[in-house]
Amino acid sequence: MITRRGFAARIGAAVAAGRMLPEMAYAQRAMIQGDLPKDMVWLNANENPLGPPQSSLAAMADVLSAAGRYHYQEVRDFYAALARSEDLQPENIVAGCGSSELLHAAVEAFTAPDRPLIVMHPTYEGPPEVARAMHRQVIQVPLLPDYSADVRKIAEAADKIHAGLIYMCNPNNPTASITPKAEVAWLVANLPPDNVLLIDEAYIHFGESKELETALPYVRQAKNVVVARTFSKIYGMAGVRAGFVCARPELIERMRPFRNNVLSIIAIRAVLAALAESRTLLPERRATNARIRGELCAWLRERKLPYIDTQANFMMIDVGRNAREFIAKMPPMGVAVGRPFPPLDNMLRVTIGTDPEMQKFRDVFWRVYRG
Ligand SMILES: Cc1ncc(COP(=O)(O)O)c(C=O)c1O
């Protein structure tokens with residue numbers, strides 16, 4: 001039997017060790033160890049509690065008995081369906097086991113020992129971790145006070161150091177903030193030649209702001225822009241592992257050698273089923289997330305607790321003290337939230353779950369907050 005104090009200490013140590021782990025969902029979960037309560041609520045990895053749509057579940061179940069074959073002949077239609085869903089051509093797409101694989105491929109393709117990676121800071125750690133592992137230089141440009149990307153400083157840095165790749169996450173993880181469409185447009189227009197701008201839109205479907213716009217039009221205009229998308233977030237299929245990037249064909253051809261393989265037939269069928277109902281599925285899920293998120297924001301406002309305006313399925317709350325210990329106290333009480341995200345030391349990141357999960361989050365959060 002593990003004592004509560006011992007348990008918290010273990011989480012603390014694991015969170016500290018986590019600074020060396022990539023900010024991948026599996027790492028988020030792996031950081032929380034110990035004898036966890038059976039009814040643990042997981043609000044730490046920006047997953048979607050609704051899970052895969054029914055049509056995807058049925059499609060996956062249906063294909064399981066045929067999983068002894070490679071099914072490579074279906075890949076062409078899969079690419080065609082992905083391309084159609086974004087009004088692009090199959091040559092504009094490469095798919096992977098989650099968008100992680102393709103973020104990795106982009107770092108491999110567009111950075112070099114003398115072509116650094118530029119990232120906003122803080123942001124999703126996947127690309128900078130891969131770049132560092134490859135001994136690429138990583139330049140971090142701090143977010144502006146409104147938590148948007150400082151596109152002017154990014155362009156200046158890219159020009160000065162002859163960067164190979166700029167990674168922008170919009171909406172950004174961990175802040176759930178956006179970089180307004182005019183700022184993205186400015187950066188695209190002012191990209192130094194030979195620089196590629198990778199825009200990660202993992203959470204874009206959850207956004208409601210008029211200032212938030214996909215960068216896909218720049219792909220259609222054949223700019224040096226790569227857009228990353230995933231089926232892990234609004235589609236609720238993080239464990240299925242499916243994502244893709246969109247870009248003009250020359251950029252796709254530079255990334256393609258660095259992906260690992262084709263997706264499993266199970267993932268392919270799940271994605272095809274989900275895409276077939278995306279017109280209704282996405283607005284429904286966006287509205288559910290926005291309602292539950294709005295209720296949490298109202299609860300925080302009533303208590304005068306500051307938070308960062310959120311356009312995603314997670315948000316950052318200012319707990320008014322260093323959040324590291326606060327975060328570590330929650331799992332033994334049955335709720336796991338995101339790891340600390342320096343330099344935002346007072347911020348706690350929570351994923352939006354179901355109504356009962358958020359009720360439990362509020363109870364546990366308040367007990368820890370009140371001490
Ligand atoms: C911004 C961002 N991009 C990409 C990913 C990776 O997602 P996946 O590999 O599951 O598509 C995540 C996961 O949390 C993320 O937050």
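User: Where is P122 placed in this predicted model?

Analyst: P122 sits in the loop between β3 and α6 (126-133). The model is predicted, and local features need pLDDT of at least 70.

User: What kind of peptide bond joins H121 and P122, and what is its omega?

Analyst: The bond between H121 and P122 is cis, with omega at about 0 degrees. A cis peptide bond also joins P342 and P343, where omega is about 10 degrees. P343 belongs to the loop between β10 (335-337) and β11 (347-351).

User: What is said about phi of R241, and where does R241 lie?

Analyst: Phi of R241 is near 70 degrees, a positive value in a residue other than glycine. R241 is in the loop between β7 (225-230) and β8.

User: Why can strands β3 and β5 be called a pair?

Analyst: Two strands pair if DSSP finds at least two bridges between them. Three bridges join β3 (residues 117-121) to β5 (residues 165-169), so the two strands qualify as a pair. They run parallel, and I118 stands opposite I166 in β5.

User: What makes β2 and β4 edge strands?

Analyst: Start with the open sheet, whose seven strands come in the order β2-β8-β7-β6-β5-β3-β4, with mixed pairing. Both β2 (93-96) and β4 (138-142) pair on one side only, and that makes them the edge strands. Neighbouring strands of this sheet are turned by 20 degrees against each other on average, direction ignored.

User: Which helix packs on the sheet at β2 and β8, and what angle does its direction make with that of β2?

Analyst: That is helix α4 (residues 75-85), which touches β2 and β8 (243-246). Its direction makes about 115 degrees with that of β2.

User: Is the crossing of α4 and α11 left-handed or right-handed, and why?

Analyst: The axes of α4 and helix α11 (residues 265-276) come within 10 Å and cross at roughly 35 degrees. The crossing is called left-handed because the near helix is turned anticlockwise from the far one by less than a right angle. The contact is made by F78, A81 and S85 of α4 together with I268, L272 and L275 of α11.

User: What makes up domain 1 and domain 2, and what separates their centres?

Analyst: Domain 1 covers 4-50 + 280-370, and domain 2 covers 54-276. Their centres, taken over C-alpha atoms, are 25 Å apart. The contact takes 28 residues from domain 1 and 26 residues from domain 2. On the side of domain 1 that touches domain 2, the elements giving two or more residues are α12 (278-302) and β9 (314-318). The largest share, six residues, comes from α12. By class, this side of domain 1 has 15 nonpolar, seven polar and six charged residues.

User: Which residues come nearest to the ligand, and what classes make up the shell around it?

Analyst: Of the 15 residues around the ligand, G98, S99, S100, T230 and S232 come nearest. A residue counts as near if its C-beta atom, placed from the backbone, lies within 6 Å. The shell divides into five nonpolar, nine polar and one charged residue.

Conventions. Residues numbered from 1 in each chain as written. Predicted model: local features only at pLDDT ≥ 70, side-chain atom pairs only at ≥ 80, totals over all residues. Nonpolar A, V, L, I, M, F, W, Y, C, P; charged D, E, K, R; others polar. Helix = DSSP H or I, 4+ residues; strand = E, 2+ residues; numbered from the N terminus. Axes fitted to C-alpha atoms, helices over the stretch in contact; angles between N-to-C directions. Contact = placed C-beta atoms within 7 Å. Domains from an automatic or database assignment.
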